[in-house]
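Thank you all for coming. Please have a look at the model on the screen while I walk you through a few parts of it.

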Amino acid sequence: RSPREARAWNTRGALRSIMGDHRSSLADFDRAIELDPKLAKAWCNRAVSLVSLGEVERAARDLAQRDQ
């Protein structure tokens with residue numbers, strides 16, 4: 001498990017999110033978090049995509065998880 005790899009997945013997810021493909025971005029952020037659960041950016045980015053999809057409560061849980 002490589003933190004560098006996790007950052008790459010996070011970047012890909014962020015790009016997909018910017019393009020409006022929030023469903024696909026979630027899978028990328030999931031992979032980033034799986035590889036590096038301490039990667040706060042991935043938790044935050046996933047929360048943004050979740051909010052965009054109307055999943056506000058799940059996004060709030062992600063933000064709380066990020067701080068642990």
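This is a predicted model: local features need pLDDT of at least 70, side-chain atom pairs count only at pLDDT 80 or more; totals for chains, interfaces and linings use all residues.

Residues are numbered from 1 along each chain as its sequence is written, and side-chain values use heavy atoms, with hydrogens and water left out.

Let me begin with helix α2, which covers residues 22-35; helices here are DSSP runs of H or I with at least four residues, numbered from the N terminus.

Which residues of α2 are buried? They are His 22, Ser 25, Leu 26, Asp 28, Phe 29, Ala 32, Ile 33 and Leu 35, where buried means under 20% relative accessible area, exposed means over 50%, and partly exposed is in between, with a 1.4 Å probe and protein chains only. As a general point, an α-helix has 3.6 residues a turn, so residues three or four places apart point the same way. Glu 34, also in α2, counts as partly exposed at 42% relative accessibility, and although Glu 34 and Ala 6 are 28 residues apart in sequence, their C-alpha atoms are 8.0 Å apart in space.

Ala 6 brings us to the largest nonpolar core, which has 7 residues, namely Ala 6, Ala 32, Ile 33, Leu 35, Leu 39, Ala 42 and Trp 43; such a core is a set of buried Ala, Val, Leu, Ile, Met, Phe, Trp, Tyr and Cys residues joined through side-chain atoms within 4.5 Å. The elements that give two or more residues to this core are α2 and α3, the latter being residues 40-52, and α2 gives the most, with 3 residues. If we leave aside its neighbours within four places in sequence, Ala 6 is in contact, meaning heavy atoms within 4.5 Å, with Ala 32, Leu 35, Asp 36 and Leu 39.

Now to the salt bridges, each being a side-chain nitrogen of Lys or Arg within 4 Å of a carboxyl oxygen of Asp or Glu; by this rule the count comes to 7. In one of them, the side chains of Arg 12 and Asp 28 meet at 3.2 Å, N to O. Arg 12 lies in helix α1 and Asp 28 in helix α2, so this pair ties together parts that are 16 residues apart in sequence. Arg 12 is partly exposed at 37% relative accessibility, whereas Asp 28 is buried, with 2%.

Another salt bridge joins Arg 23 and Glu 55 at 3.6 Å, N to O. Since Arg 23 lies in helix α2 and Glu 55 in the loop between α3 and α4, the pair ties together parts 32 residues apart in sequence. Arg 23 is exposed, with a relative accessible area of 55%, and Glu 55 is partly exposed, with 26%. Glu 55 also forms a salt bridge with Arg 58, the closest N and O atoms being 3.4 Å apart.

Last, the surface: Met 19, in the loop between α1 and α2, counts as exposed at 66% relative accessibility.

Conventions. The expected span of a helix is 1.5 Å times one less than its number of residues.
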